[in-house]
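Thank you all for coming. I would like to take a few minutes on the packing and the sheet of the protein on the screen.

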Amino acid sequence: MAHKLIDNYRERGARKKLVEKLKDKGISDANVLKAIGKVPRHYFFDETFWEQAYKDIAFPIGDGQTISQPYTVAYQTELLHIRKGDKVLEIGTGSGYQTCILLELGAKVYTIERQENLYNRTIQVLPHMGYQAEFFFGDGSMGIQEHAPYDKIIVTAGAPLVPQVLLKQLKIGGILVIPVGDENSQKMITVLRVSENDYEKIALDTFRFVPLVGEQAW
């Protein structure tokens, strides 16, 4: 894939316009908007499709997966209330764009991907861009138990339910953000772990994600 690994005034200008569009759609967290304005999204696109990079749309990246719509990335990230130093588990590395946004916010990111081609691409592309995360290949629906508990967990694929195994990997006081529904549409769910056995769940807006595949999913 021919990536355009330069970032000049044209790309920066396109990101600035994207940030303004996200503000108009209701994204208000200044740190999230700053991160969106900094991460070069066009690095994840074949140069042929550069014009698509800063549109507020999802776009295919191969293996039946997509790079998420910027609004969706900003929406989920805003719900996490990331603080610098937060230990974050990301289920579904995908292109790595969401990973970069989390890293820009100062999170320590553990990210897992089940598609081998995407995993192999991200472990090369992100370090080349200067972003360092802990990358894992495997079934994201099972989380990464050996590094639990996490301050925050973000799931970037649609699940039929909230996997109990992920809830148990969340710190008390931690937040899980996950789209839950059928294969056509999902409600964004935020879960706050309030004690050892108690969780508060809130259902928010409707989205459409690629399916979460694995032992605790589809």
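In the largest nonpolar core, which has 49 residues, those that touch the most other members are Leu22, Ile27, Ile36, Phe44, Tyr97, Ile101 and Leu102. By a nonpolar core I mean a set of buried Ala, Val, Leu, Ile, Met, Phe, Trp, Tyr and Cys residues joined through side-chain atoms within 4.5 Å, where buried means under 20% relative accessible area with a 1.4 Å probe, protein chains only. Please bear in mind that this is a predicted model, in which local features need pLDDT of at least 70 and side-chain atom pairs count only at pLDDT 80 or more, while totals for chains, interfaces and linings use all residues. Residues are numbered from 1 along each chain as its sequence is written, and side-chain values use heavy atoms, with hydrogens and water left out.

Helix H3 (70–80) is among the elements that each supply at least two residues of this core, and H3 gives the most, with six residues; helices here are DSSP runs of H or I with at least four residues, and strands are runs of E with at least two, numbered from the N terminus. A second, separate core of 23 residues includes Ile112, Ile144, Leu166 and Leu167.

Turning to the sheet, seven strands form an open, mixed arrangement in the order E5-E4-E3-E6-E7-E8-E9, where two strands pair if DSSP finds at least two bridges between them. Strands E5 (134–137) and E9 stand at the edges with a single partner strand each, so one side of each is left without a neighbour in the sheet.

Strands E8 (186–193) and E9 (199–207) pair in the antiparallel sense over seven bridges, forming a hairpin with five residues between them, and valine 191 stands opposite lysine 201 in E9. By contrast, E3 (87–91) and E4 (108–113) pair in the parallel sense over five bridges, with leucine 89 opposite tyrosine 110 in E4.

Methods: Buried < 20%, exposed > 50% of the residue type's maximum accessible area, 1.4 Å probe, protein only.
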